Amino acid sequence: MPWDIYDVFWVLTFALLIVVEAFTAGVVSIWFAFGALAAFVASMFDVHFVWQLMAFVVVSAITLVYTRPIIKKWLNVKITKTNVDAILGRIGVVTEPVFQNEFGEIKIDGVRWTAKLAGDGPLERGELVEVIAVEGVKLIVKKQEK
C-alpha cells in the first residue's frame, strides 16, 4: 500500500520534531513527536485527516501532561546565574568616588568595576552600593538602602 500525502506529512513532522529535540538543551518537542507518530499510525489506517489531527492533539496533550512533571523532576534543571545576571542586585563598596554623570569605581568580591550613579549623589569611598543595571562593562549603581 503506497504512502499518501498525509503519511509523508506526519513522518516529516515526526522527524522535524525529533531533530528539534536533539538540538535543544531541554525537553521541548518530544511530546509533539509522539503525537505526530500517533497521527501517522492513524494515517496508515486511512483515517480521515481531521481524526489524524485529533490523534496528534490528544496524544501530545496526554504525553505532555503525564510525563512532563516526571521528566522535569528527573532532569532537575537548576539554572545558575552567570556573568551579567550574577552581578545584578549585588552589593559593592565604593573605592573611587562616584559623582553624578561621571564614572567612579566600586569593588565586588575583590573585583574592581567602573560604576555610574543612578539617582542622587555623590557616593564617597567606603559607601555601600547596589548594582541595578549593567551597560556594556559599566555597572549602574545606587546607594544601598539601610
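**Entry 1: Arg-90 and its partner**

I looked up Arg-90 and found that this residue is partly exposed, with a relative accessible area of 30%. I note here that the model is a predicted one. The side chain of Arg-90 meets that of Asp-109 in a salt bridge, with 2.1 Å from N to O. Arg-90 sits in the loop between α4 (83-87) and β1 (91-96), while Asp-109 sits in the loop between β2 (103-108) and β3 (111-117), so this pair ties together parts that are 19 residues apart in sequence. I then checked Asp-109, which is exposed, its relative accessible area being 63%.

**Entry 2: Arg-125 and Glu-96**

I turned to Arg-125, which forms a salt bridge with Glu-96, and I read 3.0 Å between the closest N and O atoms. This pair links distant parts of the chain, since Arg-125 is in the loop between β3 and β4 (128-135) and Glu-96 is in strand β1, 29 residues apart. Arg-125 counts as exposed at 55% relative accessibility, whereas Glu-96 counts as partly exposed at 35%.

**Entry 3: Glu-127 and Lys-143**

I found a further salt bridge between the side chains of Glu-127 and Lys-143, at 2.8 Å from N to O. Glu-127 belongs to the loop between β3 and β4 and Lys-143 to strand β5 (residues 138-143), so the pair ties together parts that are 16 residues apart in sequence. Is Glu-127 buried or exposed? I noted a relative accessible area of 17% for Glu-127, which is under the 20% limit, and therefore this residue counts as buried. Lys-143, in contrast, is partly exposed, with 46%.

**Entry 4: Charges in general**

I reminded myself that side chains of opposite charge can pair when their charged atoms come close. The count of salt bridges comes to four. I also looked up the 14 positive and 15 negative charges of the protein chain, and their mean positions are 9 Å apart.

**Entry 5: The whole chain**

I then stepped back to the protein chain, which has four helices and five strands, and whose pattern along the sequence reads α-α-α-α-β-β-β-β-β. I compared its radius of gyration, 27 Å, with the value near 15 Å that a compact globule of 146 residues would have. The C-alpha trace spans about 80 × 30 × 25 Å along its principal axes. Buried residues make up 25% of the 146 residues, and the chain exposes about 10,100 Å², of which carbon and sulfur atoms supply 66%. Among the contacts with a separation of 6 or more, I noted that 47% come from residues 24 or more positions apart.

Definitions and conventions
Residues are numbered from 1 along each chain as its sequence is written. This is a predicted model: local features need pLDDT of at least 70, side-chain atom pairs count only at pLDDT 80 or more; totals for chains, interfaces and linings use all residues. Side-chain values use heavy atoms; hydrogens and water are left out. Helices (H or I, at least four residues) and strands (E, at least two) are DSSP runs, numbered from the N terminus. The radius of gyration is taken over C-alpha atoms; the globule rule is 2.2 Å times the number of residues to the power 0.38. Buried means under 20% relative accessible area, exposed over 50%, partly exposed in between (1.4 Å probe, protein chains only). Contact means heavy atoms within 4.5 Å. Accessible areas come from the Shrake-Rupley method with a 1.4 Å probe; for residues, only the protein chains shown count as cover. Lys and Arg count as positive and Asp and Glu as negative; His and the chain ends are not counted. The place of a charge is taken as NZ of Lys, CZ of Arg, CG of Asp or CD of Glu.
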